[in-house]
Amino acid sequence: MTAAPLSGRHILLVIAGGIAAYKALELIRRLKDGGARVRCVLTKAGAEFVTPLSVAALSGEKVHQELLSLTDESEMGHIRLARESDLIVVAPATADILARMAAGMANDLATAILLATDKPVLAAPAMNVEMWAKPVTQRNVAQLAADGIQFIGPSAGDLACGETGAGRMTEPADILARVEALLAAPVQSLAGKTALVTSGPTREAIDPVRYIGNYSSGKQGHAIAAALARRGAHVTLVTGPTAQPDPAGVTVRHVETGREMLEAVEHAMPVDIAVFAAAVADWRAAEPMAVKTKKSGETPRLALVENPDILATVAKAGPKRPALVIGFAAETESNAEALIGRAQQKRAAKNCDWVIANDVSPGTQVLGGARNTVHVVSANGAESWPTLDKREVAERLVERIAAALPARAPAA
Ligand code: CTP
């Protein structure tokens with residue numbers, strides 16, 4: 001008989017105040033069926049949706065609610081509660097608790113624990129579609145992700161408030177699968193490895209006030225850098241100008257132009273793993289103006305020259321070539337077969353091991369958006385992934401990198 005997958009593991013479940021709190025009850029049951037010990041923290045608002053009695057009955061443990069409870073502080077203490085678990089799950093993670101976490105607040109038991117913990121945290125957001133889409137919520141999520149908090153969902157569908165869109169909490173079965181993967185994963189599977197990631201757009205000056213740029217947000221590249229670092233790799237992220245916060249535990253080089261990016265990349269070499277997620281401007285102005293160009297009645301003509309291909313330069317670097325070189329192929333091509341075909345050509349032309357191909361046509365909302373639909377193209381063919389949050393694409397990619405790497409020689 002095989003042991004229950006979560007046997008011997010301690011999970012602390014923070015239940016915040018949202019209608020999806022009822023799903024937390026099912027999550028408790030599933031975690032316990034998996035063999036875990038589950039202790040729960042119920043926020044004040046959470047207790048408006050589910051009762052402490054049901055949480056206690058299902059978990060088989062005392063429910064923790066108060067930050068300054070005399071008995072709790074003498075018996076357990078919120079610091080011990082924060083440290084004694086293998087993983088903290090926040091489900092549902094409401095807009096409010098995410099905002100308080102992002103601000104580093106500790107004004108109730110749940111946030112005090114989340115601030116005091118040194119353990120991994122998985123958050124399953126659930127809220128109204130507008131609340132999720134609000135720039136402030138997206139900023140908070142980006143900041144928390146950069147600080148090392150992991151996210152699952154939200155998924156899209158009908159919401160309890162009667163609206164439709166992204167905001168539904170991920171189903172308990174899927175949260176359970178992520179918990180199992182997180183706790184089963186050899187967390188430091190890339191310890192001792194070095195990695196380089198490029199991210200974001202580049203800007204090529206036309207004159208002191210204008211530039212050639214693109215819509216890349218840096219979300220995908222930054223998420224990959226963070227995921228590599230979480231698995232123990234020593235990561236250098238070379239990024240063009242983006243609104244993304246610097247990921248925790250990553251050496252970040254901020255650059256502006258394609259040529260600066262190449263220089264920073266060459267400086268970071270040699271590495272074992274190189275992932276090129278940046279949308280480098282293919283061309284730059286041949287002769288950028290030293291002063292602002294004025295209207296003169298005539299339409300000016302802009303002479304362009306090609307930028308160096310950073311990915312191809314690294315992938316063809318002879319003995320200095322990283323063991324694993326991964327490129328991206330952003331195409332405006334909705335036909336998957338044609339997209340994969342072009343990615344295969346790009347893979348061969350640029351000498352990379354894998355190409356992550358995606359359709360970035362305006363209708364897909366991939367450029368600048370939170371989600372991505374990718375095909376992983378390698379010498380063995382193509383593997384198409386479902387549409388996922390960019391952070392989940394990063395997790396899966398890094399799992400694949402960790403699995404592929406031991407078979408290869410380390411960087412010289
Ligand atoms: N890339 C790079 N340096 C460049 C251009 C692209 O490192 N100067 C990398 C990107 O980071 C990406 C891959 O090359 O990983 C594919 O870029 P893409 O712009 O799609 O391909 P191109 O070679 O520019 O081909 P085309 O635009 O003709 O499709």
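Author: Helices (H or I, at least four residues) and strands (E, at least two residues) are DSSP runs, numbered from the N terminus. This is a predicted model, in which local features need pLDDT of at least 70, side-chain atom pairs count only at pLDDT 80 or more, and totals for chains, interfaces and linings use all residues. Residues are numbered from 1 along each chain as its sequence is written, while side-chain values use heavy atoms, with hydrogens and water left out.

Reader: Where is Gln 365 found, and why does Gln 365 count as exposed?

Author: Gln 365 is found in the loop between strand 18 and strand 19 (371-372). A residue is buried under 20% relative accessible area, exposed over 50%, and partly exposed in between (1.4 Å probe, protein chains only). The relative accessibility of Gln 365 is 61%, which is over 50%, so Gln 365 counts as exposed.

Reader: What is the phi of Gln 365, and what makes such a value worth a remark?

Author: Phi of Gln 365 is near 55°, which is a positive value in a residue other than glycine. Most residues other than glycine have a negative phi. Asn 351, in the loop between helix 13 (336-350) and strand 18, also has a positive phi, of about 60°. Its relative accessible area is 35%, between the two cut-offs, and therefore Asn 351 is called partly exposed.

Reader: Why does Ser 85 count as buried, and which residues does Ser 85 touch?

Author: Ser 85 is in the loop between helix 4 (78-83) and strand 4 (87-93). Its relative accessibility is 3%, under the limit of 20%, so Ser 85 counts as buried. Leaving aside residues up to four places away in sequence, Ser 85 touches His 10, Ile 11, Leu 12 and Lys 119, where contact means heavy atoms within 4.5 Å.

Reader: Why does Glu 392 count as buried?

Author: Glu 392 lies in helix 14 (390-404). The value for Glu 392 is 18%, still under 20%, and therefore Glu 392 counts as buried. Among residues beyond four places away in sequence, Glu 392 touches Phe 151, Ile 152, Gly 153 and Arg 178.

Reader: What makes a set of residues a nonpolar core, and which residues have the most contacts inside the largest one?

Author: A nonpolar core is a set of buried Ala, Val, Leu, Ile, Met, Phe, Trp, Tyr and Cys residues joined through side-chain atoms within 4.5 Å. The largest one here has 34 residues, and Ile 224, Leu 228, Val 235 and Ile 401 have the most contacts inside it. The elements that give two or more residues to this core include helix 10 (219-230), strand 12 (234-239) and helix 14. A second, separate core of 31 residues includes Ile 15, Cys 40, Val 63 and Ala 126.

Reader: How do you know that strand 2 and strand 3 pair, and why does strand 3 stand at an edge?

Author: Two strands pair if DSSP finds at least two bridges between them. Strand 2 (37-42) and strand 3 (63-64) have 2 bridges, so they meet this limit and pair, in the parallel sense. In strand 3, Val 63 is the bridge partner of Cys 40. The open sheet has 6 strands in the order 3-2-1-4-5-6, with parallel pairing. Strand 3 and strand 6 (150-151) each have a single partner strand, so one side of each is left without a neighbour in the sheet.
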